[in-house]
Amino acid sequence: MDLFKILLLVFFVNISFCFAADPYSFYNFEVSYITASPLGVPQQVIAINGKFPGPTINVTTNENLVVNVRNKLDEGLLLHWNGIQQRRVSWQDGVLGTNCPIPPKWNWTYEFQVKDQIGSFFYFPSLHFQRASGGFGSFVVNPRAIIPVPFSTPDGDITVTIGDWYIRNHTALRKALDDGKDLGMPDGVLINGKGPYRYNDTLVADGIDFETITVHPGKTYRLRVSNVGISTSLNFRIQGHNLVLAESEGSYTVQQNYTSLDIHVGQSYSFLVTMDQNASSDYYIVASARVVNETIWRRVTGVGILKYTNSKGKAKGQLPPGPQDEFDKTFSMNQARSIRWNVSASGARPNPQGSFKYGSINVTDVYVLRNMPPVTISGKRRTTLNGISFKNPSTPIRLADKLKVKDVYKLDFPKRPLTGPAKVATSIINGTYRGFMEVVLQNNDTKMQSYHMSGYAFFVVGMDYGEWTENSRGTYNKWDGIARSTIQVYPGAWSAILISLDNPGAWNLRTENLDSWYLGQETYVRVVNPDENNKTEFGHPDNVLYCGALSKLQKPQKVSSSASKSIGFTSLSMVVMALVMMMMLQH
C-alpha cells in the first residue's frame, strides 16, 4: 500500500471521529493593556486582541470550545464564562476557587463543551477587580438547526454590553477598597465600551466616541444585552421602540412587550426589536442608573444611537424617560416578577421541558443567606454572607480533593445567619449530589445586589420586601418561574431560588456586585457524586495549573508568540486532511 493510500485510510478514520463527535470552535485571546478614552479621558483599559470590549464568542449548542489565552497583563488572570454551566468540568469555570491564576506572560487553554445550553451570556476577567478595566465580551450560544425556536428568525443579531464605568483603573479602585473606602459614584455608563452621545451639552463633554447601531427599516433584530458593570443596576430602553423580551440567560421567556427593562449587574436578556418607526431622525438608546437618587445620578447615563439606513437627521431633544417610580418600591420588583419561563418552548437544557416540574420536587436542603452592610474584621473592611467573609483558598477546591490536600477549606457554611461577630473563613456549602436545594437570598443592605451561581440555571420562585419567613413559601411561583443564573435582590428584600444539584464540581455562589464580591461576599457549593466509579465528573485537565500547596508540581512554561494547543483527533484530522488534499492535487 503506497503512502497516498495510507494517508487516505487515516483520513477517513479520523474524519469519522470528527463527524461522530460534536464540532470544535477555536479562539485565540491575547489579553493586554491598551490606552483608550471611553469617557473622553485617556486611561488604561484591558483589551482582548487589541479590542475593547473583547470579541464576541459565537458557538452552537454542544460545540466544544477551545479558547487559548495569553496573559500579557502584569498580574495573574482568569477568564470566567458567566452563565456557561461547565457540565462536569468545574475545572474550566475560571474563578479562584476552581482555577489557579494564569501567571503574567503565560499561556493557558480553556477547553469545554457548551452542553445543553442556548442563549445570551458574557465573559470577563474574575481576579483583582480587573473587570472594572474591561476584558469582557459577549458570549452567544445558538440552538442547533433541528431545535425549533419560539419566534421567527430575526433579520440580524446584535450584542450589546452596558455597564457603569470609572475613569480610575482597576488597580486604583482596588486600592480604595483595600483602604476601607467606598468607590463613590461612577463617572459614567458605557454602551459597547463607548461613552454617551452628546444629548446634553452640560452633562456630556464634547468629542466622546459613542455607539451607533445601524438597522434597516421594517426589519426585526435580536438584541442581546448584558450588564457587565461594577455595581449599578441599569434601565435599558430605545426611544420609540418596543422591547419584546424573548430570552434570559439561556431560557426562553413568555414574550411580553416592555418600553424599558431593568437589567441588574451580571444579567443578560434578549429582546426582539422591530424597526417600525419613521426615519425622520435617529433614536436614542439609553442605559440609566436605577435604585439610586436619579437627580444626582443624571450624568451616570449611557446613550447610544439607533440609526435607520434611511435616517434623515440626528437624534435631538430629551432622552426618553425611564420608570417614574421614585416613591414606588414595588414597580421594579413587579416588573421582575412578570418575567416568566416559556414552558411550551423547545430548547437545549439539561432537563428537557415538560420533564422537570420543579414545583413538585421535594427540597433536600435550605440555606438562608443574608448579606449586611460592610463590617470591620481585624481592622479591615469586609463584606459577608451569614456572618462569614470568604477567604479564597490558595489551592483550588476540587484539585485539593483529587490530590488529597488537607485543610484547604471547611464544609461548615451555616444554613442560617450566624450570631455574634463576623469572621473570615474558607467555609463552603456541602451540596448533596442530586439534591434539590432552596436558597433564600436576604439583602439587609441599603444597596441593590445581584447573585450568581456557577454551574447551574436555578429557578427563580419568589421575591418580596421584608424578612423571609417559612410562610413566604406560600407566595412562590411553582410553575413557570424563569430559569437563569443571576438574580437581583432588592434592598431590604429577599429572593428565593431552587437548584437541582446534578452537576458535580465546586461552584461559586457570589454577589455579582464587584466591590462586594472583592471584599468577601461569596462562597462555594461543593457537589460530589459519592460513587467514585461513576463518570459524572471529568478529571482535571492535562494542562491544569498548580498553586498553593501544589505549587511544586508546576513546571515552567515557555510561550511562543503564537502559542497553540493540540487537541487530539480534531487537530490530527486537520493535519491529515491537509496532507490528503496535497496528495490528491499531485495525483
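**Entry 1: the two domains**

I began with the interface: domain 1 and domain 2 bury about 3800 Å² between them, 57% of it on carbon and sulfur atoms. Buried area here is the accessible area (1.4 Å probe) that two parts lose on being put together, summed over both. On the domain 1 side, I found that Trp 91, Gly 97 and Met 333 supply 16% of the area buried against domain 2, more than any other three residues.

A note to myself on the source: this is a predicted model, where local features need pLDDT of at least 70, side-chain atom pairs count only at pLDDT 80 or more, and totals for chains, interfaces and linings use all residues. Residues are numbered from 1 along each chain as its sequence is written, and side-chain values use heavy atoms, with hydrogens and water left out.

I then looked up the bounds: domain 1 runs over 22–336 and domain 2 over 356–525, as given by an automatic or database domain assignment. Their C-alpha centres lie 24 Å apart. I see 49 residues from domain 1 and 45 residues from domain 2 taking part in the contact, where contact means heavy atoms within 4.5 Å.

Next came the polar side of the interface. I get 26 residue pairs in polar contact between domain 1 and domain 2, both residues at pLDDT 80 or more. A polar contact is a pair of N or O atoms within 3.5 Å; within protein, one must be able to donate a hydrogen and the other to accept it, and residues adjacent in sequence count only if both atoms are side-chain atoms. β5, α2 (170–178), β15 (251–258), β17 (268–274) and α3 (331–337) each supply at least two residues of the side of domain 1 that touches domain 2. These elements are DSSP runs numbered from the N terminus (helices are H or I, at least four residues; strands are E, at least two).

The count of salt bridges between the two domains is 4; the rule asks for a side-chain nitrogen of Lys or Arg within 4 Å of a carboxyl oxygen of Asp or Glu. I also looked up Asp 182 and Arg 381, which form a salt bridge with their closest N and O atoms 2.7 Å apart.

**Entry 2: the annotated histidines**

Which residues does the UniProt annotation "binding site" cover? The record lists His 80 and His 452. They span 373 residues in sequence, yet no two of their C-alpha atoms are more than 12.1 Å apart, so they gather at one spot. I keep in mind that UniProt positions are given in the numbering used here, feature names are shortened, and annotations may be inferred rather than shown by experiment.

His 80 sits in strand β5 (residues 79–82). With 0% relative accessibility, His 80 is buried; the classes are buried under 20% relative accessible area, exposed over 50%, and partly exposed in between (1.4 Å probe, protein chains only). Its side chain reaches the backbone oxygen of Asp 93 at 2.7 Å. Beyond four places in sequence, the contacts of His 80 include Phe 122, Tyr 123, Phe 124, His 452 and Arg 510.

His 452 belongs to strand β27 (residues 449–453) and is buried too, at 1% relative accessible area. A polar atom of the His 452 side chain lies 3.1 Å from the backbone oxygen of Ser 485. Among the residues that His 452 touches, leaving out those up to four places away, are His 80, Asn 82, Asn 508 and Glu 512.

Asp 464 and Arg 337 meet in one of them at 3.3 Å, N to O. Asp 464 is in strand β28 (residues 458–465) and Arg 337 in helix α3, so the pair ties together parts 127 residues apart in sequence. Asp 464 is partly exposed at 32%, and Arg 337 is partly exposed at 32%.

Glu 537 and Arg 398 form a salt bridge at 2.8 Å between the closest N and O atoms. Glu 537 lies in the loop between β33 (522–528) and α6 (569–586) and Arg 398 in helix α4 (residues 397–402), so this pair ties together parts 139 residues apart in sequence. Both Glu 537 and Arg 398 are buried.

Arg 526 and Asp 401 also form a salt bridge, with the closest N and O atoms 2.8 Å apart. Both Arg 526 and Asp 401 are buried.
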